[in-house]
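Keep the sequence and the coordinates open side by side.

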Amino acid sequence: MLAIITGTIRPPLQMNQLVLRDEEERLRQYEESLCSIIDSKAFSGIVFCENSSYGTEKLSHLVDVAGHKAIRLELLSFQGNIEKSCIHGKGYGEGEIMDYVFSHSEIASREPYFVKITGRLKVDNIEDIAAHLNQEKTYFNIPNRTRRDLYDTRIYGMPVEQFKRMFLNVYEQVMDEQGIFLERVYTQVIQENRIKVTNFPRYPRIVGVSGSGGSVYSYTEWKCRVKDLFSRMNLYKVK
């Protein structure tokens with residue numbers, strides 16, 4: 001199974017939606033995130049792709065680290081469209097990354113299924129989640145129990161063929177300033193195409209800091225045990 005980790009190490013100065021801009025700190029957090037997912041051994045293949053043309057030399061040592069655990073790690077870097085990302089918002093940039101991965105990644109070209117995780121965030125129970133995934137299903141959760149109008153895009157999973165057919169180019173519809181976020185665009189695709197969505201079999205334990213809003217993600221384990229039950233009951237869905 002494949003994990004796709006998205007990132008922007010050196011965000012453009014024109015992007016006004018970001019709280020964390022320091023590229024060395026962003027790089028450190030991406031490295032921590034990659035080390036975490038490598039150590040979990042949840043995936044046989046990992047693609048990290050960043051869209052600021054920063055390069056991947058400072059992360060290249062992780063290829064050997066992953067290799068020693070029988071994990072294939074591919075590092076990609078390219079320059080996204082800065083002008084359009086600044087106009088449309090950060091979701092546009094993430095959509096560009098996914099487009100680039102499926103156009104240029106050797107590993108992704110051979111994998112039928114993937115889980116996407118936003119870079120710099122860690123999912124503490126990713127091994128447990130991955131072990132219980134059905135690779136014929138589409139997995140999304142809502143961001144929290146109060147948001148029933150859209151699906152969370154920090155982590156989701158689906159067959160590669162479905163993503164290419166229904167989700168690949170819709171990031172061009174993103175317009176953050178008008179409230180048309182990537183989450184809303186993906187939710188609309190799901191609803192219009194009547195895609196059957198399943199919640200993750202375990203509730204994701206996400207930790208980290210949002211680079212845009214600065215929100216700190218954390219969790220309380222006993223509460224997540226309850227959320228595990230609700231997630232298995234498929235209750236975290238858009239209504």
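Helices (H or I, at least four residues) and strands (E, at least two) are DSSP runs, numbered from the N terminus. This is a predicted model, in which local features need pLDDT of at least 70 and side-chain atom pairs count only at pLDDT 80 or more, while totals for chains, interfaces and linings use all residues. Residues are numbered from 1 along each chain as its sequence is written, and side-chain values use heavy atoms, with hydrogens and water left out.

Begin with the loop between strand S4 (113-118) and S5, where Arg120 lies. Arg120 is not a glycine, yet its phi is positive, about 75 degrees. Buried means under 20% relative accessible area, exposed over 50%, and partly exposed in between (1.4 Å probe, protein chains only). Arg120 counts as buried because its relative accessibility is 9%.

Compare Ala70. This residue sits in the loop between helix H2 (61-67) and strand S3 (72-77). Ala70 also is not a glycine and has a positive phi, about 60 degrees. Its relative accessibility is 65%, so Ala70 counts as exposed. A further positive phi, near 50 degrees, belongs to Arg194, which follows H7.

Now step back to the whole chain. The protein has eight helices and 10 strands. The radius of gyration is taken over C-alpha atoms, and the globule rule is 2.2 Å times the number of residues to the power 0.38. For 239 residues, a compact globule would come out near 18 Å; the protein has 17 Å, which agrees. Along the principal axes, the C-alpha atoms fill a box of roughly 45 × 45 × 35 Å. Of the 239 residues, 55% are buried.

Contact means heavy atoms within 4.5 Å. Among the contacts with a separation of 6 or more, 74% join residues 24 or more positions apart. Accessible areas come from the Shrake-Rupley method with a 1.4 Å probe; for residues, only the protein chains shown count as cover. The protein exposes about 11,400 Å², and carbon and sulfur atoms supply 48% of that area.

What does Val101 touch beyond its neighbours within four places in sequence? Val101 is in contact with Ile4, Val47, Cys49, Leu76 and Ala108. Val101 is found in helix H4 (residues 90-104). At 0% relative accessibility, Val101 counts as buried. Thr6 is 95 residues away along the chain, but the C-alpha atoms of Val101 and Thr6 are separated by 9.5 Å.

Leu168 is in the loop between H6 and H7. With 16% relative accessibility, Leu168 counts as buried. Leaving aside neighbours within four places in sequence, Leu168 is in contact with Met98, Asp99, Phe102 and Phe163. Gly95 is 73 residues from Leu168 in sequence, and their C-alpha atoms are 7.3 Å apart in space.

Move on to helix H7 (residues 182-192). The buried residues of H7 are Leu182, Val185, Tyr186, Thr187, Val189 and Ile190. Against what do they pack? Their partners are H4, strand S7 (155-159), helix H6 (160-167) and strand S8 (197-198).

On a 1 Å grid over the protein atoms alone, a cavity is a set of points where a 1.4 Å probe fits but cannot get out; a pocket is an open set with protein on both sides within 12 Å along at least five of seven lines; lining residues have an atom within 4 Å of a point. Grid points are joined across faces, edges and corners, and a volume is the space filled by probe spheres set on the points.

By this rule there is one cavity of 30 Å³ or more. The largest cavity holds about 70 Å³. Its lining includes Ile5, Ile117 and Ile126. Helix H1 (23-40) and strand S5 (122-123) each supply at least two lining residues. H1 gives the largest share, three residues. Ala, Val, Leu, Ile, Met, Phe, Trp, Tyr, Cys and Pro count as nonpolar, Asp, Glu, Lys and Arg as charged, and the others, Gly among them, as polar. By class, the cavity lining has six nonpolar, two polar and one charged.

The second largest pocket has a volume of about 220 Å³. Among its lining residues are Arg145, Arg148, Tyr203 and Phe230. This lining divides into five nonpolar, one polar and four charged residues.
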